[in-house]
Every structure is written in structure tokens, then in C-alpha cells.
Amino acid sequence: MKITDLTHLIDTDMPVFPGTEPPIFKKANTFEKDGFREAKITMYSHTGTHIDAPAHMLSYGSYLDKLNIEHFIGKATILDFSSEEIELIDIDRLKQYEATIKNVEFIIIKTGWSEYWGSKKYYEAFPSLTEQSAKWLTKFNLKGIGIDAISIDNIKSTTFAVHKILMQKDIIIIENLTNLDSIGNQYFILSIMPLKNKDADGSPIRAISIENISGDFD
């Protein structure tokens, strides 16, 4: 098996969604004072590589802790748009992957934007789904959709329509993925385990891919 970490490092200088405070790490206990180390961490539930629960944007949506543990692991594939100079991914661009999407539980939209992590460009003009594309994707048996950018909606969106369309079908959204170039197989296992806290509208995750080095997972 080949295991790849798809998660950005959480630190005080990391990119966060505009208007959100960065995480704070406070040394609560030290060796010098207490004989052990422990930190107090303060951060938003959608910090770094994270999952959006349906409850994030739907008043009646499911919280992460109400979803079965199987909702956070499954067969996945990457839809690669990193070589295309586009800002919106329409249905015609998705349809070329239709047969592949039918075979998986997760899709990851590869934009190439993780390359710009830590720079101003990370927030600008990354490819995102149209509302029509999101509606089309809901006809498949998907547990989740991920992206290597800060949002699955256009950064200028104020309604977050793509989020809401997917969430209505309990499709969780994974944002700020990285290291997608390290995945070589068409199909792999994606694990995106969240923290198990009550009424979780979202959670930072440790996202990993698991590849069968002798071939694809069928």
C-alpha cells in the first residue's frame, strides 16, 4: 500500500477563509513549570484541510457526528482540471468523467491551486463548480466531493449555492486538500476522518489516500 498525506499543516500563519481568524496555539503547560507539555488550541471548525457538514449551511442539515463513520472513507478518484485555464467547471467538462464517477464514492477536483498555498493567489480565480454542475453530480452515489482550493464555490459567491446543492444530498465537502500530484492510480481509498465533537458543522481532518501499489482498487 502507498499512503499519501493530503493535509496542509495547521499553524498560526496559514491561509484562512477571508474574515476568519487564524488558529491560536498557547502553551498551557511547559516542562519548566509543570514537567509536561500541553497546548491550548483555538481555531474555527473550518480551518485548514477540513470537511463541511450539511449543517454548515442548511438549517436542517446533518452534523458530522450524526453521519455514519463509513461516510468518511471510500473509493475515490481525481478529476484533473489543473492544466485548463478556467474559472468555472461546467457540465460538459464533467461529462468526460461520467463513467469514472459512477465507480466511486468520492471525487476530488484537482485545480492545482494548492501550489499557491500561503500566497495571495490562493484566494483568486481558482476553478470551481457551476450550480448546474453541482446538480448534475448529485445524481451519482457520492459521499463527498473534495477540492485543492479554499472553496468549492467561486470565491466571489455570497450565496454558496454549490455548497447548498450538494449538502441537500448529504454530500460532504472537503476543502484545502494538497499533494494530489503524489497520487498515481486512477482509483484509491480516501480517508477524511473528522474530530468527533457534538453538533459538528465542520472539522479539520487528516486526509490521506491509500493506493494499491499492484494496481487500482476495483
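Predicted model: local features only at pLDDT ≥ 70, side-chain atom pairs only at ≥ 80, totals over all residues.
Student: What makes P127 count as buried or exposed?

Tutor: Buried means under 20% relative accessible area. P127 has a relative accessible area of 1%, so P127 is buried.

Student: And where does P127 sit?

Tutor: In the loop between β7 and β8, the latter being 128–129.

Student: How do you know which residues P127 is in contact with?

Tutor: Contact means heavy atoms within 4.5 Å. Leaving aside neighbours within four places in sequence, P127 has such contacts with I86, E87, I89, T111, W113 and I147.

Student: Why is a set of residues called a nonpolar core here?

Tutor: The members have to be buried residues of the Ala, Val, Leu, Ile, Met, Phe, Trp, Tyr and Cys kinds, joined through side-chain atoms within 4.5 Å. The largest such set holds 32 residues, and I101, L137 and I145 touch the most other members.

Student: Which elements give two or more residues to this core?

Tutor: They are β7 (106–110), α4 (131–137), β9 (144–147) and α5 (161–167). With four residues, α5 gives the most.

Student: What is L137 in contact with?

Tutor: If you skip the neighbours within four places in sequence, the list is L94, I101, I107, L129, L142 and I145.

Student: What about a second core?

Tutor: There's a separate one of 21 residues, and I51, F106, I172 and I192 are among them.

Student: How do you know how the chain's radius of gyration sits against the globule rule?

Tutor: For 218 residues, a compact globule would come out near 17 Å, and the chain has 18 Å, so the two agree. As for extent, the C-alpha trace spans about 60 × 45 × 35 Å along its principal axes.

Student: How much of the chain counts as buried?

Tutor: Of its 218 residues, 48% do. The accessible surface comes to about 11200 Å², with 49% of that belonging to carbon and sulfur atoms.

Student: How many helices and strands does the chain have?

Tutor: Five helices and 12 strands. Looking at contacts between residues at least 6 apart in sequence, 75% join residues at least 24 apart.

Student: What makes a side chain count as positive or negative?

Tutor: Lys and Arg count as positive, Asp and Glu as negative. On that basis the chain has 23 positive and 31 negative side chains, and the centres of the two sets lie 4 Å apart.

Conventions. Residues numbered from 1 in each chain as written. Heavy atoms only, no water. Buried < 20%, exposed > 50% of the residue type's maximum accessible area, 1.4 Å probe, protein only. Rg over C-alpha atoms; globule rule 2.2 N^0.38 Å. Areas by Shrake-Rupley, 256 points an atom, 1.4 Å probe, with all protein chains shown as cover. Charge placed at Lys NZ, Arg CZ, Asp CG, Glu CD.
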